[in-house]
Amino acid sequence: MTNVVIFTDRAPRLRYYGDKIYNMGYYNHPAGAYKIASSLREQGLDVLVVPNAINLSWNGVKRIINKNSAGLLWVGVSTTLMFGKLSAKLFNDYRENWHTNPNFTMDIVPYFIETDGGYWDVPWGIKEFSRIAEYLEQFNAPLLIGGSFVTRSGYRDWKGLHKNAKIVTGYAERYLGHFTRNKKNNPNHDPHYLVTNNSYDDVDFKQSKITWTDKDFASKEDWLPLEVARGCAFNCAYCSYDLKGTQEAYKNTTSLREEIIRNYEVYGITKYHLVDDLYNDSKTKVRRLYDEVWSKLPFKPEWVSYMRLDMFWADPESIEIVKESGARMGGFGIETLNDRAGKAVGKGLGKTRILEALHMLKERWQNQVLINAYFIAGLPYESKESIMETLEWCLNTDLLFSANWYPHWITPPSNFSWATEDAISKIARAPGDYGITWLDYEDNISWVNSEGVTYEDAENISMQYNRSTQLKKFIDVVSQRTYYTDYADIRACGITHDEIVNARYTDNSQDEIVVKLNGIEEKVQQRLKKLLQIS
């Protein structure tokens, strides 16, 4: 008897190259929904997580709810990775099909081809969430919508959302645990409309685990999410995440090792996407995790994670330790090569030392560990000319395996009431201190920095980088646009590390890799059919 159903997904990045469509992968499991499920299962509750939810039509969503309605207490949706950037037409076309499609699943390929325009949103909008919430009233079960996108989205105040739908923010394990117990004991218990909480202090995170069950479809091909730490030791001025400035906030090494070994013994899992805001944020952490976790396993692990360049600069010895720990790709927030902009936002290594550090990593790691760099267009005090200079460098350097560009996001004051206090960046709180001026924050997110760069400029520059990489051969794009998280998805498709590394230098592997990438769709459909209980 199912007590809770949680829909989750990671929006695919489908692209055209010539007459080919390929899928960057979206089969691996997002961590949030499964962490909530695991914490509720420890209370003896039965929880079903539904992955790849945006492949479902309204009929499919209804069928899953109906199949699990007997003991249902609430239904959840995690938006953290579900959002995509699409034109208004593609969002509208998807939603119209979602409502009217007579089948249980949908072909989402036509709707998720990347375009140069569009805006960020969740495929299920106010109307779709409201329809689910209204349907759930007959079961006296609310719809709880959570995940990081609920405070960033254009909904802002969620006007028009059905009264049976509630917004939950923060990590929320403790809140949802209490709410679910109360709902079970009192079916008429109604949750708060908005929860802004930081459950780190309320949950024994350092001893916690994600305990996978057979209904979660874990298999040895997967790169499972593994929560290693919460929070980041730094507090960069542009950062809008919770738990900034935290120290030594990583899991108990015995608990972490036991979780990894159980996954290996039960499911054969050896590969992970580490859920860690910054893996190498302290010398002690890097060494303890190697000595007490990675080196003590009965197999050779592989993993990807966020890392920080200046920490390797300050601690060169950790470069080899991280490699020996099992790292295969690191996501590095370099953000800018402009010295003044970097110093202003808390990335003060400077261009000269950034390049020296990258040379050091390249020499030590070769192609055994790949470097995926992130850059932000529109930081304080950086001109368009400076941004374009860095963009050109990204396209031509051999120090990076891949790079990704994003426009500088600043939470507008009109959104403050919807964000946890810690999630509002220093720049958002005092834009004038950083030379940022709001042009209009009521209906859009327009601002201009001291060098005349607007948010719209930053968006266009980021898209220009994407277009520049897409002008290259298909296989070059696989390498140039490989996020460190996408690396895990690509590997889960059956593509080896060496194939990813060598693909950018060869032409004859293109068709084979396209077949493997597109083959994930069949696995997705098989998984959904099991959940829908159809043949």
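A residue is called buried when its relative accessible area is under 20%. By this criterion, the buried residues of helix α6 in this predicted model are Thr253, Ser255, Leu256, Glu259, Ile260, Asn263 and Tyr267. These residues pack against β11 (223-227), β12 (271-275) and α7 (283-292). Helix α6 itself comprises 15 residues, 253-267, and extends 21 Å from its first C-alpha to its last, close to the 21 Å expected at 1.5 Å a residue. At the start of α6, a side-chain oxygen of asparagine 252 comes to within 2.9 Å of the backbone nitrogen of threonine 254. After the helix comes glycine 268, which has a positive phi, near 75°.

One of the elements against which α6 packs, β12, also takes part in strand pairing. β12 and β13 run in the parallel sense and are joined over three bridges. Within this pairing, lysine 271 lies opposite glutamate 302 in β13. Strand β13 is largely enclosed by the rest of the structure, because five of its six residues are buried.

Strand β13 (302-307) is also among the elements that cover the buried residues of helix α11; the others include α8 (309-314), α9 (317-325), β14 (327-335), β15 (370-377) and α12 (384-396). The residues of α11 that are buried are Ile354, Ala357, Leu358, Met360, Leu361 and Trp365. They cover an arc of only 160° around the axis and therefore lie on the same side of α11. The face turned away from this buried side carries Thr352 and Glu363, which are exposed. Glutamine 366 follows α11 and has a positive phi, near 50°.

The confidence of the prediction was also examined. The chain has a mean pLDDT of 84, and 84% of its residues reach 70 or more. Among the elements of the chain, α9 has the highest mean pLDDT, 97, whereas helix α15 (residues 474-480) has the lowest, 43. Over residues 470-481 the pLDDT is below 50, and this stretch has 47 contacts in the model beyond near neighbours in sequence. Where pLDDT is low, predicted coordinates should not be read in detail.

Conventions: Residues numbered from 1 in each chain as written. Predicted model: local features only at pLDDT ≥ 70, side-chain atom pairs only at ≥ 80, totals over all residues. Heavy atoms only, no water. Buried < 20%, exposed > 50% of the residue type's maximum accessible area, 1.4 Å probe, protein only. Helix = DSSP H or I, 4+ residues; strand = E, 2+ residues; numbered from the N terminus. Arc of directions from axis to C-beta. Contact = heavy atoms within 4.5 Å. Expected span 1.5 Å × (residues − 1). Polar contact = N/O pair within 3.5 Å; in protein donor to acceptor, adjacent residues only side chain to side chain. pLDDT = per-residue confidence, 0-100. Pairing = 2+ DSSP bridges.
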